[in-house]
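Hi everyone, thanks for making time today. I'd like to walk you through a structure that may be new to you, so let's bring it up on the screen.

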Amino acid sequence: MDDERVLPEAVEKPAAKAKSKVSARTITLVAALFLGFIMIYFDKNAIGIILVSMQQEFGFSNVQKGMVMSAFFIGYAAMQVPAGILNTKLGSKPILTFAMAAIAVFATLAGFAKAVMFIIVIRFLAGAIAHSGYAPSAAKEVATKLPLDQRTLAQGILISASGIAGIIVPLVVSPVLADYGWQRAFWMIAGASIIVGIILRFVLPSDKKTKNLTAENADDAAVAEEVPAAKLREVISEPFVWLLGVLNFTINAMMYGMLNWMPSYLIQSVGLSTIVQGHITAIGGAAFLVGAIGGSYIVGKFFFGKEKTVIGIAGMLGALSLFTASMSTDTGLITVALSLGEFFCATTFVTLMSLPVKRFAAHKFGPSYAIVATGGILGGIVSPTLIGLLVDMASGAYFMVFIYFVILGALLFVLSRFIPKHKPVENEVN
């Protein structure tokens, strides 16, 4: 949602030649990267469901549960720059395969947890070591090994992995929790990650092979143009960059708060079974997928230049939909309301994150986007622990959590009004 969006490392300029034919090599590469993203999001999303069972066994507080969720993002944020340096030195393929191996290691260790502090450390390390390098490395694969005119579609496919995982995770994890317990759920993640890592190891082409492309097939390779990035101090004085960073913080605080805490709310407050909760969460994941793909198409086709209106209204509708879910005990109404919340949050997020690509000048894109992405990561750090604190303060009630979502929606609406009109500049990223 926040930081894991796949962006090109290079500016794509309109190609003068006809569109490239989609080769088997391209299909295989994108399919392998997509499978890896499914695993990334599976590991990230499953923790919200697994922690419900762990809390029942260990009896840790909701604040501690929130700390487990936030620890992942703290680790993720801490290793962004080192992961980028390693990618430059080692290449993408080693980082991608290592990410899968690291997920397996930390998921295996998590299955042996005996205390909440242990799982907090494990999730911190999973964010820092396993997850931090995958998204930028996948972006580099797309930017250097695919033809220019195929990158946008490839990125869209990879981004959709979030919605797919949102459907798969509750349908798979919930039955495992019910039948075998949380330890087996972690070990299932570890086994799946090993399989995906093996696939990536043997399917992804090496950087050496890419460099040795012959003249005959060189047209199929992406021509990555280096964009001279401005230094960070040159963009920190631009209010628009910071505004997008705050907006990204706000929508990610809502999305990750909803993602991590909805299983707990449905089981502990509404009183649903783990299986029924899984079905409702899966439907919400499907709604998020529709919002991400369908919403981006509709906004791009009918609301170009009106993005701030979409962000404000969709963000507010998402918050109100979540609040509506809290006002009912009817399973059907809760499902509809939560699904609408997922849909509008996805539409808000993809619309917001289209603005950097449309408006940031090429020579400032890197540092400008770093500020925006950091806002999203901070939302993932703050929100889960804050929600845990709100639930504990209310003796287990979730009403204030949904008020918190409404406040976030209102902030999105108000702050979006300050997004300036689009003024094209030379060397913009189009």
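A search of the whole structure, which is a predicted model, turns up 1 salt bridge. Which residues form this salt bridge? Asp-43 pairs with Arg-123, and their closest N and O atoms are 3.3 Å apart. As a reminder, side chains of opposite charge can pair when their charged atoms come close.

Now look at where the two partners sit. Asp-43 is in helix H1 and Arg-123 is in helix H5, so the pair ties together parts that are 80 residues apart in sequence. Are these two residues buried or exposed? Asp-43 is buried, at a relative accessible area of 4%, and Arg-123 also counts as buried, at 4% relative accessibility.

Let's turn to the helices themselves. H1 covers residues 24-58 and H5 covers residues 116-131. Their axes come within 12 Å and cross at roughly 175°; H1 and H5 are therefore roughly antiparallel to each other. On the H1 side, the contact is made by Ile-40, Asp-43, Lys-44, Ile-47 and Met-54, while H5 brings Ile-119, Arg-123 and His-131. Sorted by class, that contact has 4 nonpolar, 1 polar and 3 charged residues.

Finally, let's zoom out to the chain. You'll find 17 helices and 0 strands. Of its 430 residues, 54% count as buried. Among contacts between residues at least 6 apart in sequence, 87% join residues at least 24 apart. The accessible surface of the chain is about 18200 Å², and 69% of that belongs to carbon and sulfur atoms.

How values were computed:
Residues numbered from 1 in each chain as written. Predicted model: local features only at pLDDT ≥ 70, side-chain atom pairs only at ≥ 80, totals over all residues. Heavy atoms only, no water. Axes fitted to C-alpha atoms, helices over the stretch in contact; angles between N-to-C directions. Helix = DSSP H or I, 4+ residues; strand = E, 2+ residues; numbered from the N terminus. Parallel < 35°, antiparallel > 145°, perpendicular 65-115°, else oblique. Contact = heavy atoms within 4.5 Å. Nonpolar A, V, L, I, M, F, W, Y, C, P; charged D, E, K, R; others polar. Buried < 20%, exposed > 50% of the residue type's maximum accessible area, 1.4 Å probe, protein only. Areas by Shrake-Rupley, 256 points an atom, 1.4 Å probe, with all protein chains shown as cover. Salt bridge = Lys/Arg side-chain N within 4 Å of Asp/Glu carboxyl O.
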